[in-house]
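Please keep the sequence and the structure in view while reading.

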Amino acid sequence: MFRPKALGGALTALATVAAGVFIAAAVSTTPASAAGTGTGYLHTNGSQIVDSTGATVRLTGINWFGMETDNKTFHGLWSSNPWRGQLDTMARLGYNTLRVPYSNDALKAGATATGINDFVNPDLIGLSPLQILDKVIDYAGSKGMRIILDRHRPTSAGQSPLWYTSTVSEATWINDWKMLAQRYAGNPTVIGADLHNEPHAEGTNPAATGACWGCGDTTRDWRLAAERAGNAILGVQPNWLIFVEGVSCPSGGLSNVWDNDPSNDEDCGWWGGNLSKAGQFPVRLNVANRLVYSPHEYATSVYRQTWFDAPDYPANMPAIWDKYFGYLYKQNIAPIMMGEFGSTLADPKDKVWLEKLMAYTGTGVTGMSFTYWSWNPNSGDTGGIALDDWTNVNTTKQAILQPYLIAPSGGGPTGGPTGGPTGGPTGGPTTPPPGACTATYRQVNAWQGGFQGELTVKNTGSAAVNPWSVTWTWPSGVTLGSGWNATVSQSGTTVTAAAPGHAPSLTAGGSVTVGFTANGTASAPGAVKLNGANC
């Protein structure tokens, strides 16, 4: 018998953003097309996830939590690192997918996002939690990343063993999912729904009251509830993947350890981590090739399960993983996407655990998909990839994960184009003839001590500029805060916006808009140049 994870999803930290109103919003519909995440919507083929062309895709992502907490938005927006800068780092490190936990509180009309540094993120001022989510989805999509939405909690108060509570009904759970599916219909950056986070046992058998698997009780059988919600979502958005987590104990209750009868003690695992009954009682969806099983797996920093102290540890772990979820992948039943796994690595056993777990998932695009827990450094029982400044990273954790990461297009060394014209005759960047560009500037916002702007540069020449680079000057005393849609840096009074890896070429007649925040008196860019030519 194994006790479940003590704190669901390792979410011991306080949360962030609030949800917005129940109306459709205009969001980007640019198809995600990337080395790591494929083209168009995704579906399944046996144990693999494939894109609209049939190419195999492996999701190697990360969790960025907060929208499920009192803040109702992403944590770390209070830091000095702008929200786009954090996504830039995730993509550069090789995370091609973002799993976004939320609570139904964040989706209520009038929900308010808190914990935001207005100076660093002035573009988020006054936005609802859903509107902030829209912006994150749009920017992540521009980097070739994918988004998985995770109904993490019914309310911001905490985890629940069942998908409903006395205050949040099953109907609310399903209707909110349908709203989200409608909101992001036509936007393949958003690929699916993780229906409910970490269903788990509650009560002692035979008086179980928690989530069971295959027991047939419609009020407790998580497998049946997943079918109801999954089919409701697919009725609205048939292109989404449906991510279904496991339970902790298939009976939905904890064993009576005081009866001195081991035969009655059930084999339990992590909250959401036990899919041992999914082979016998599979989730049945009305749209074929949409089901992905999504177990959770943790180490001693969350709870010291008995297997960590077994004499043959860590050699015993693959058999445990096979039993709880791996058989579904190995028998070609369905893909596996580990929605959460992580540790502080404070115990040496945990480092071994993480190394063995990653090896177990396999290498290359055919390996099991995953989203690591978490980007956030303020996860109390695991810590994060980001350090406390939300800018630098935990290099020990990253080094273990790195060989298994498949970066989105432009996100890291494995992303971006591998061929194409080099520009000039010597292989350097193409230089447009003088006057072959125009520049327009729009001040978006201003506040005491700073401002936000957008500089749009159009290539009016007859040939593409590859790679492109825009420079401009500012008066002395004006300094760059942050930039996006390019790699923006400043030296003296000159600012350089270099082409990102995923969009190196500026076609003839094409334009690029570089966004930025700056410190100092609001000033329009001067002496704008495209690859050295005056605009």
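In this predicted model, 77% of the contacts with a separation of 6 or more are between residues 24 or more positions apart, a contact being a pair with heavy atoms within 4.5 Å. Local features need pLDDT of at least 70 and side-chain atom pairs count only at pLDDT 80 or more, while totals for chains, interfaces and linings use all residues. Residues are numbered from 1 along each chain as its sequence is written, and side-chain values use heavy atoms, with hydrogens and water left out.

**Overall**

- The protein has seven helices and 24 strands, which are DSSP runs numbered from the N terminus (helices H or I, at least four residues; strands E, at least two).
- Of the 535 residues, 57% are buried, where buried means under 20% relative accessible area, exposed over 50% and partly exposed in between, with a 1.4 Å probe and protein chains only.

**Helix H1**

- Helix H1, residues 83–93, is largely enclosed by the rest of the structure, because nine of its 11 residues are buried.
- Among the buried residues of H1 are Trp-83, Arg-84, Gln-86 and Met-90, and their cover includes strands E6 (60–63), E7 (97–103) and E19 (479–484) as well as helices H2 (129–142) and H7 (395–401).
- After H1 comes Gly-94, which has a positive phi near 115°.

**Strand E2**

- Thr-39 belongs to strand E2, residues 38–39, and counts as partly exposed because its relative accessibility is 31%.
- Thr-39 and Ala-55 are 16 residues apart along the chain, with 8.5 Å between their C-alpha atoms.
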